[in-house]
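Good morning, and thank you for joining. I would like to take you through some side-chain pairings, backbone details and helix contacts. Please look at the sequence and the structure first.

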Amino acid sequence: MALIKFTQVKTYLADIKSGSQLPQVFLVYGENYIVRQICDRLNNALTDNDSSSFSSEILEGGSISMGDVVEEITTLSLLSSKKIVTLRQAPLFPGADKTGDISFNTSEIAHLGDVIEKGLPENHYFIITTSTADKRKKIYKTIESQGLCIDCTVAQGLRKADQEEQNKVLLGLANQILGRSGKTIDRQAFGLLNEQTGFNLDMMRQNLEKIVAYAGSRNMIETSDVRAVVQRDRKDPIFSLTNALMAKDVEQAL
């Protein structure tokens, strides 16, 4: 059916509620923090915020066989006519995170593709998450044609456009977390926090929650709050160095 970016999900779901029908299969891949947020949105949309009307099963990739996965997505629930099955960190693509001892071989992945292509039982929904996806693979093309692929990746390079995309995602996360407490962060404080943490969404979330607690009743987060709470824990990816070398950017490489 489609491929969309995570930034388009809110609009997509709003349009769905306007009369379109939700697909039965979703592939959500990319940054783990964003993937979790998108899965929550999908579950809320599928259940219409009433999870009691659905049977929900969560399967861990690397710890479950393909036979069990297929059985779960095709077997009717005894307690409910509606069912959501989530397969987390599915080992469907080369380079995906290995979270257990079980990997799916080519024939097993092809079998899953056949099941998806034939269609799931009515009111059954299948959400697959993974850290990476290969658009050249048949399983990806099958899911895209039969369901919805949601790209939760964020550019990791050193180009200005990449840095702007990262900052936009981080600022959105900061506004989301601080907004719950009625707080805001000034530009200098956010810049320092970004420098200390780097593009690590889970670490950024943890640091923001610590800062909120430290600030107490004050509504504005300042640089002094960041310095008091956050220790430098930035882990730049190795390709940041290689990108700088390829660009012959001596200062950045050093």
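I begin with a polar contact: the side chain of glutamine 89 meets the side chain of asparagine 32 at 3.4 Å. Please keep in mind throughout that this is a predicted model.

Where does glutamine 89 lie? It is found in the loop between E4 and helix H4, the latter covering 106-118. Glutamine 89 is buried, because its relative accessible area is 15% and the limit for that class is under 20%. Its backbone deserves a remark as well. Most residues other than glycine have a negative phi. The phi of glutamine 89, however, is near 50 degrees, a positive value in a residue other than glycine.

Asparagine 123 belongs to the loop between H4 and strand E5, which spans 124-130. With a relative accessible area of 26%, asparagine 123 is partly exposed, whereas glutamine 89 is buried.

I turn now to charged pairs. Side chains of opposite charge can pair when their charged atoms come close. How many salt bridges does a search of the whole structure find? The search returns 8, and I shall discuss some of them.

Consider aspartate 151 and lysine 5, which form a salt bridge whose closest N and O atoms are 3.9 Å apart. This pair links distant parts of the chain, with aspartate 151 in strand E6 (residues 148-152) and lysine 5 in strand E1 (residues 2-5), 146 residues apart. Are the two partners buried or exposed? Aspartate 151 is buried, at a relative accessible area of 11%. Lysine 5 is partly exposed, at 26%.

Next come arginine 88 and glutamate 60, whose side chains meet in a salt bridge at 2.2 Å, N to O. Arginine 88 is in strand E4 (residues 83-88) and glutamate 60 in strand E3 (residues 55-60), so this pair ties together parts that are 28 residues apart in sequence. Both ends are partly exposed: the relative accessibility is 37% for arginine 88 and 35% for glutamate 60.

Another salt bridge joins the side chains of glutamate 209 and arginine 205, at 3.4 Å from N to O. Here both partners sit in helix H8 (residues 201-215), 4 residues apart, or about one turn of the helix. Glutamate 209 is partly exposed, with a relative accessible area of 38%, and arginine 205 is also partly exposed, with 22%.

Arginine 205 brings us to the helix contacts. The axes of helix H2 (residues 32-47) and H8 come within 7 Å and cross at roughly 80 degrees. That angle makes H2 roughly perpendicular to H8. Which residues make the contact? From H2 they are Tyr33, Ile34 and Arg36, and from H8 they are Leu201, Asp202 and Arg205. By class, the residues of this contact comprise 3 nonpolar, no polar and 3 charged.

H2 has a contact with helix H1 (residues 9-16) too, where the axes come within 11 Å and cross at roughly 5 degrees. H1 and H2 are therefore roughly parallel to each other. On the H1 side the contact is made by Val9, Lys10 and Leu13, and on the H2 side by Ile38, Arg41, Leu42 and Ala45. These residues divide into 5 nonpolar, no polar and 2 charged.

I finish with aspartate 225, in helix H9, which covers residues 223-229. How buried is aspartate 225? Its relative accessible area is 2%, so it counts as buried. The side chain of aspartate 225 reaches the backbone nitrogen of glutamate 222 at 2.9 Å. If its neighbours within four places in sequence are left aside, aspartate 225 is in contact with Ile211, Tyr214, Arg218 and Met220.

To close, let me recall two points. Thank you for your attention.

Technical notes:
Residues are numbered from 1 along each chain as its sequence is written. This is a predicted model: local features need pLDDT of at least 70, side-chain atom pairs count only at pLDDT 80 or more; totals for chains, interfaces and linings use all residues. Side-chain values use heavy atoms; hydrogens and water are left out. A salt bridge is a side-chain nitrogen of Lys or Arg within 4 Å of a carboxyl oxygen of Asp or Glu. Helices (H or I, at least four residues) and strands (E, at least two) are DSSP runs, numbered from the N terminus. Buried means under 20% relative accessible area, exposed over 50%, partly exposed in between (1.4 Å probe, protein chains only). Axes are lines fitted to C-alpha atoms, for helices over the stretch in contact, and angles run from 0 to 180 degrees between N-to-C directions. Angles under 35 degrees count as roughly parallel, over 145 as roughly antiparallel, 65 to 115 as roughly perpendicular and the rest as oblique. Contact means heavy atoms within 4.5 Å. Ala, Val, Leu, Ile, Met, Phe, Trp, Tyr, Cys and Pro count as nonpolar, Asp, Glu, Lys and Arg as charged, and the others, Gly among them, as polar. A polar contact is a pair of N or O atoms within 3.5 Å; within protein, one must be able to donate a hydrogen and the other to accept it, and residues adjacent in sequence count only if both atoms are side-chain atoms.
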